[in-house]
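Q: I am new to this structure and would like to learn to read its features. Please take them one at a time, with the general idea before the case.

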Amino acid sequence: MRRGGLLRHRDFRLLWAAQTVSSVGSNVTAVALPLVAVAVLDASTVQVAVLTAAAWLPWLLVGLPAGAWVDRLPRRPVMIICDLVSALLFLSVPVATLFGALTVAQLLLVALGAGLARVFFETADQVYLPVLLRPAQVPEGNAKLQATQTASYVVGPGLAGLIAQAVGAVAALLLDAVSFLVSAACLARIRTAEPRPARAGRSRSLRREIADGVRFVARDPYLRVLTVFGAASNIGLIGYQAVLVVFLVRDVRLAPGVVGLLVAAMSAGGVVGALLASLAGRRLGTARAMLGCAVLSGPPALLIPLAGPGAALLWPALGGLLISLGVAVNNVLKGSFRQTYTPHHLLGRVTVSMQLLNYGTIPLAALLAGALGTVFGVRTAVLAMTAWLAVTPLILFAGPLRRHRDLPSAPPASTRDTTTPAVAASGPAR
């Protein structure tokens, strides 16, 4: 396939545009929502951490059944509905502020509702990309999507800080509401006809379909170690991020605009990582590249608690840049591996089974960070979370990746034999 060939793929461009604009809006919210809580409602450290926890809690509550439902439903309509629901939720914040009725409880409900929509959107999105693209195009597609998503980590916080500085943090949430509407419009224009998901046989219960996905991940040596590593690293990664805005505003004494710019600088490495991921996988081997980038996203986290006024802001900027670079490379390689390695009729359930553990640790990490910040101080909480993140690469080195140059292209016979016959016997859901 010619390099850059997906730029001529109309439907992929629409999917790409939808995800890009939505990601920018979401990353505005990642900074704007805590700023609203801190600056407008004078929320406590625990309340701000609970906001982060609420956004990820739906993965624990409905993650597994969501994967089975998505495997039964057409994915594009699911994604459009999720965009529209998210737009309404974020629009409610400035409306409530206009009438003087905004509360921390409403912010929690918005974060929880948007998190629920995100569960279904991300699960459907992972399964939908291979519908649009041939298997050989999936790595390039993932790299492009990851590049713009990580670019949004730079643009979004910067915009949030500037808008909050100029007209207030609440106004920044309007941008997210509009971004979801634009995303829904782009998805609605895609022409590719999606095959109708096959109906499972009457004897096929939702519980058994969920179990197939969990069993596949648990018995596969590669997916299993990637899932455990993702869950462990998210404890540290999201733990420090949950209290980062409080740390920067109250401990380091930064203005909202500077907070946005610093978070943007910390995320800048993700753009480079996403662009280099495919090249790193080819030159180094996908398994070796993942191991190297795991090291790159671990120990540098210890630079973040060194943040201080003036030149000391370079430490969190450098630490965050290296973390985001390593995470972006691993996300591209892991996403492409999962989409091409997993049997397609199981992909939704396998994806959400991995994300249940990966994302399920996030609300616990946010609450833990909030509690540590309240009892011992926010800087201590950031130090504890980043220290945990620094040692998580050891998990990958304990698995099978260290013995190979590249990740395999198909599951081992032991995994296939325990999954495929059971699904085929009852007419698998796609």
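A: Start with the labels. A helix is a DSSP run of H or I with at least four residues, and helices are numbered from the N terminus. The model is predicted.

Q: What is the phi of Asp42?

A: Asp42 is not a glycine, yet its phi is positive, at about 50°.

Q: Is Asp42 buried or exposed?

A: The test is relative accessible area, and a value over 50% counts as exposed. Asp42 has 61%, so this residue is exposed.

Q: Where does Arg253 lie, and what is its phi?

A: Arg253 is in the loop between α9 (244–251) and α10. Its phi is near 65°, again a positive value in a residue other than glycine. With a relative accessible area of 68%, Arg253 is exposed.

Q: What describes two packed helices?

A: Two numbers do: the angle between the axes and the distance between the axes. Here, take helix α10 (residues 256–267) and helix α13 (residues 314–341), which pack at an angle of about 40° with their axes 6 Å apart. The two helices are therefore oblique to each other.

Q: Which residues of α10 and α13 meet?

A: On the α10 side they are Leu262, Ala265, Met266 and Ser267; on the α13 side they are Pro316, Ala317, Gly320, Leu321 and Ser324. Sorted by class, this contact has six nonpolar residues, three polar ones and no charged ones.

Q: Which residues of α15 are buried, and what do they pack against?

A: Buried means under 20% relative accessible area. In α15 this applies to Val378, Ala381, Val382, Met385, Thr386, Leu389 and Ala390. The buried residues of α15 pack against α2, α8 (221–242), α9, α13, α14 (347–376) and α16 (393–397).

Q: How many aromatic pairs are there?

A: Two rings pair if their centres lie within 6.5 Å, and planes under 30 degrees apart count as stacked. By this rule there are five aromatic pairs. One of them joins Trp69 and Phe120: the ring centres are 6.2 Å apart and the planes are at 10°, so the pair is stacked. Trp69 sits in helix α2 and Phe120 in helix α4 (residues 104–132), and the pair links distant parts of the chain, 51 residues apart. Trp69 counts as partly exposed, at 34% relative accessibility.

Q: What are the distance and angle between the rings of Phe90 and Phe180?

A: These rings are 5.9 Å apart centre to centre, with 0° between the planes, and the pair is stacked. Phe90 lies in helix α3 (residues 75–98) and Phe180 in helix α6 (residues 169–188), so the pair ties together parts 90 residues apart in sequence. Phe90 is buried at 6% relative accessible area, and Phe180 counts as buried at 8%.

Q: Which residues form an aromatic cluster?

A: Tyr222, Phe337 and Tyr341 form one.

Q: What distance separates the C-alpha atoms of Ala54 and Val110?

A: Ala54 and Val110 are 56 residues apart along the chain, and their C-alpha atoms are separated by 8.8 Å. Ala54 is in helix α2 and counts as buried at 11% relative accessibility. Leaving out residues up to four places away in sequence, Ala54 touches Leu108, Ala111 and Leu112.

Q: What distance separates the C-alpha atoms of Val249 and Pro400?

A: Their C-alpha atoms are separated by 43 Å, and the two residues are 151 residues apart along the chain. Val249 is in helix α9 and counts as partly exposed, at 22% relative accessibility. Leaving out residues up to four places away in sequence, Val249 touches Leu35, Val38, Leu254 and Val259.

How values were computed: Residues numbered from 1 in each chain as written. Predicted model: local features only at pLDDT ≥ 70, side-chain atom pairs only at ≥ 80, totals over all residues. Heavy atoms only, no water. Axes fitted to C-alpha atoms, helices over the stretch in contact; angles between N-to-C directions. Parallel < 35°, antiparallel > 145°, perpendicular 65-115°, else oblique. Contact = heavy atoms within 4.5 Å. Nonpolar A, V, L, I, M, F, W, Y, C, P; charged D, E, K, R; others polar. Buried < 20%, exposed > 50% of the residue type's maximum accessible area, 1.4 Å probe, protein only. Phe/Tyr/Trp six-rings, centres within 6.5 Å; stacked < 30°, edge-to-face > 60°.
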